Amino acid sequence: MRRLLYPLSLLFWMISSLRNLFYDWGLLKTQNVAAPVLCVGNISAGGTGKTPWVQKISNYFSEQNKTVTI
């Protein structure tokens, strides 16, 4: 299985590296938002328990009377 997935991992690496270069070169633009942003986890990796943490974090901030958007 590892040998089958290795070419895909190289493809993912090349695409993500090129995308990062485009941001560095200014070809892709970032956006600023007026609210604090909290990122939980890595979207390329599933099944790592991010959802329960997002629920706990959102509950915490909701209890602090903060607006939470997921």
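Is Phe-61 buried, partly exposed or exposed? Phe-61 counts as partly exposed, at 34% relative accessibility, where buried means under 20% relative accessible area, exposed means over 50%, and partly exposed lies in between (1.4 Å probe, protein chains only). The model is predicted: local features need pLDDT of at least 70, side-chain atom pairs count only at pLDDT 80 or more, and totals for chains, interfaces and linings use all residues. Residues are numbered from 1 along each chain as its sequence is written, and side-chain values use heavy atoms, with hydrogens and water left out.

**Overall form**

- Two helices and zero strands make up the secondary structure of the chain; helices (H or I, at least four residues) and strands (E, at least two) are DSSP runs, numbered from the N terminus.
- The radius of gyration of the chain is 17 Å, whereas a compact globule of 70 residues would have one near 11 Å; the value is taken over C-alpha atoms, and the globule rule is 2.2 Å times the number of residues to the power 0.38.
- The C-alpha trace spans about 50 × 35 × 10 Å along its principal axes.
- Of the 70 residues, 1% count as buried.
- The accessible surface of the chain is about 7000 Å², with 61% of it belonging to carbon and sulfur atoms; such areas come from the Shrake-Rupley method with a 1.4 Å probe, and for residues only the protein chains shown count as cover.

**Aromatic rings**

- The whole structure contains two aromatic pairs; rings of Phe, Tyr and Trp (its six-membered ring) pair if their centres lie within 6.5 Å, and planes under 30 degrees apart count as stacked, over 60 as edge-to-face and the rest as tilted.
- The pair of Phe-22 and Trp-25 is tilted, because the ring centres are 6.3 Å apart and the planes stand at 50 degrees.
- Phe-22 and Trp-25 are three residues apart in helix α1 (residues 2-25), and therefore about one helical turn separates them.
- Phe-22 is partly exposed at 28% relative accessibility, while Trp-25 is exposed at 56%.
- The pair of Tyr-60 and Phe-61 is edge-to-face, because the centres lie 5.2 Å apart and the planes are at 75 degrees.
- Tyr-60 is partly exposed, with a relative accessible area of 45%.
- The charged end of Lys-56 sits over the ring of Trp-53, 5.1 Å from the ring centre; this term requires NZ of Lys or CZ of Arg within 6 Å of the ring centre and within 35 degrees of the ring normal.

**Nonpolar surface patch**

- Met-1, Leu-4, Leu-5, Leu-8, Leu-11, Trp-13, Met-14 and Ile-15 form a nonpolar patch on the surface, with about 930 Å² of accessible area together.
- Patch residues have over 30% relative accessible area and no salt bridge; like charges are joined within 9 Å, and nonpolar side chains (Val, Leu, Ile, Met, Phe, Trp, Tyr) within 5 Å.
- A salt bridge is a side-chain nitrogen of Lys or Arg within 4 Å of a carboxyl oxygen of Asp or Glu.
- Leu-8 lies in helix α1 and is exposed at 51% relative accessibility.
- Met-14, also found in helix α1, is partly exposed at 48%.
- Ile-15 belongs to helix α1 and is exposed, with a relative accessible area of 52%.

**Backbone and separations**

- Asn-65 lies in the segment after α2 (50-63) and has a positive phi of about 60 degrees although it is not a glycine.
- Asn-65 counts as exposed, at 72% relative accessibility.
- Leu-8 and Asn-65 are 57 residues apart in sequence, and their C-alpha atoms are 44 Å apart in space.
- Ile-15 and Gly-26 are eleven residues apart along the chain, with 17 Å between their C-alpha atoms.
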